[in-house]
Amino acid sequence: MNLSNLILVALAAGIVFGALLNGFFPALILPLDDYILAPVGQVFLRLIQFVVVPIVFSSLILGLTRVQNAARIGRYLLRLMTGYLLTSTLALLIGMATALLLKPGIGLEGFATNAAMTTNTPVSLRDWLISLIPVNPLEALTGGNLLQVIVTGVLFSIGIGLAKEGAKPFILLIDSLYLISERILSVILYLAPVGVFALIASVIATQGLELVARLFFYVFGLFLASTLMIGVYVLLLFALKGEPRRFFASLSESLSLAFGTASSNAALPVVLREIQEYGLPEDIASFAIPLGTVLKRDGSAILQGFNALFIAQVYGVPLSPSLLLAIALSGLLVSFSTPGVPGSALITMTTVLSAAGLPLEGVALVAGVDRLTDGFKTVLNVIGNTVNAILLNYWELGEKEKSLESKN
């Protein structure tokens, strides 16, 4: 049995085990979760995160040094951001339309909503842009901020291009770092079924399935919206001649890991390896995939729009055009700044609710089932990121064909 199938089996077994604990052995939940399930799951996530920064940093430098063209890198960035903006907007609109159609919050009663919710003052665009520039390259690499890691990698690549022959020893070192990180990852992935089992069993055991039943239309709505957006990407793959069946087969381990860990960052090293095996050129993959992991959050875009309308329906807030516009604009902006870790979209949702004038207490309604829906939202994040990278490659191939035709 290959790793992706093992992860899926571990997921199913974890759900069954957690449900049994919750339903028949409630006294065992606390000790098992505190001393076995939660620690094992966290250890696995930390091991995966251990290789994220070295793989992203080294693959980015190796990819960009092969490009050796600042104008080309700028073109990559412009085209990626165009694709991100269009597809994230579509994802947000699908999430809002699904909430308007299903009305999951209408008639929902009996939930405690007095949880104290706090929201930080949103960071200004100016301060956010300044924070992308690391003060110290070592601090950027040790801090785990992937945007700063990407900026550091780009700056080092520029320096390598200017140093030319003098940079060869450093490139050999980076190449070795990449190979070593890949080997460490292959060892860590042997633990994936155990880690995924522990993570999902912990959630089901502590939350139970009763809450899912009460919020059935909420969970179903998010699943439906995510599935519709995946359908859009399948159609786009057909249009790009990207062979959707081979695409999903190539990314089976990445998608299984994304679903089990609910973390785009955790799945990133495997995505980088598998998308190159699928056939995406290394220079595009090493630039587009880490950048998309940081910025491309279709799952978050759907969640922001869907959750805001769900909470408005629960509290009976009239859905005026100005409210819908506030949700759409703030949800789109927030989706680009959501960290790739479990539950992060729920945390950033307070910004959207504040912008739309909706009660922050509404977050408490969905906090219990967020981890259960986080898995398929993360799968959508990975698919959206990789398909946008394939779209970039399609544009670049078209550019090459045009240049060849003009020469002939």
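Guide: A residue is called exposed when its relative accessible area is over 50% and buried when that area is under 20%, with partly exposed in between. Please keep in mind that this is a predicted model. As a case, K241 has a relative accessibility of 73%, so K241 counts as exposed.

Visitor: Where is K241 placed, and what is its phi?

Guide: K241 belongs to the loop that runs between α10 (216-239) and α11 (244-250). Its phi is near 60 degrees, which is a positive value in a residue other than glycine. K164 sits in the loop between α6 (146-163) and α7 (168-188). With a relative accessible area of 61%, K164 is exposed.

Visitor: Let us turn to helices. How many residues does α1 have, and what span does it reach?

Guide: Helix α1 has 22 residues, and from its first C-alpha to its last it reaches 31 Å. This is close to the 32 Å expected at 1.5 Å a residue.

Visitor: Which residues of α1 are buried, and why may they be said to share a side?

Guide: The general idea is that an α-helix has 3.6 residues a turn, so residues three or four places apart point the same way. In α1, the buried residues are L3, S4, I7, A10, L11, G14, G18 and L21. They cover an arc of only 110 degrees around the axis, and therefore they lie on the same side of α1. On the face turned away from this buried side, α1 carries the exposed residues V16 and F24.

Visitor: Is F17 of this helix buried, exposed or partly exposed, and with which residues is F17 in contact?

Guide: F17, found in helix α1 (residues 3-24), has a relative accessible area of 32%, so it is classed as partly exposed. If its neighbours within four places in sequence are left aside, F17 is in contact with L32, L37, F197 and A201. Sequence and space should be read separately here: F17 and F197 are 180 residues apart in sequence, while their C-alpha atoms are 8.9 Å apart in space.

Visitor: What would such a reading give for T373?

Guide: T373 is placed in helix α18. Its relative accessible area is 0%, so T373 is buried. Leaving aside neighbours within four places in sequence, T373 is in contact with V219 and L222.

Visitor: How many salt bridges does the structure have, and how is one of them to be read?

Guide: A salt bridge is read from a side-chain nitrogen of Lys or Arg within 4 Å of a carboxyl oxygen of Asp or Glu. A search of the whole structure finds nine of them. In one, the side chains of E165 and K168 meet at 3.0 Å, N to O. E165 is exposed, with a relative accessible area of 56%, whereas K168 is partly exposed at 46%.

Visitor: With which residues does R273 form salt bridges?

Guide: R273 forms a salt bridge with E274, the closest N and O atoms being 4.0 Å apart. The side chain of R273 also meets that of E277 in a salt bridge, at 3.9 Å, N to O. E277 and R273 both lie in helix α13 (residues 264-278), four residues apart, or about one turn of the helix. Through shared partners, salt bridges join E253, R273, E274 and E277 into one network. Accessibility can be read for these residues too: E274 counts as buried at 3%, R273 is partly exposed at 23%, and E277 is exposed at 57%.

How values were computed
Residues are numbered from 1 along each chain as its sequence is written. This is a predicted model: local features need pLDDT of at least 70, side-chain atom pairs count only at pLDDT 80 or more; totals for chains, interfaces and linings use all residues. Side-chain values use heavy atoms; hydrogens and water are left out. Helices (H or I, at least four residues) and strands (E, at least two) are DSSP runs, numbered from the N terminus. Buried means under 20% relative accessible area, exposed over 50%, partly exposed in between (1.4 Å probe, protein chains only). Contact means heavy atoms within 4.5 Å. The expected span of a helix is 1.5 Å times one less than its number of residues. The arc is that of the directions from the helix axis to the C-beta atoms.
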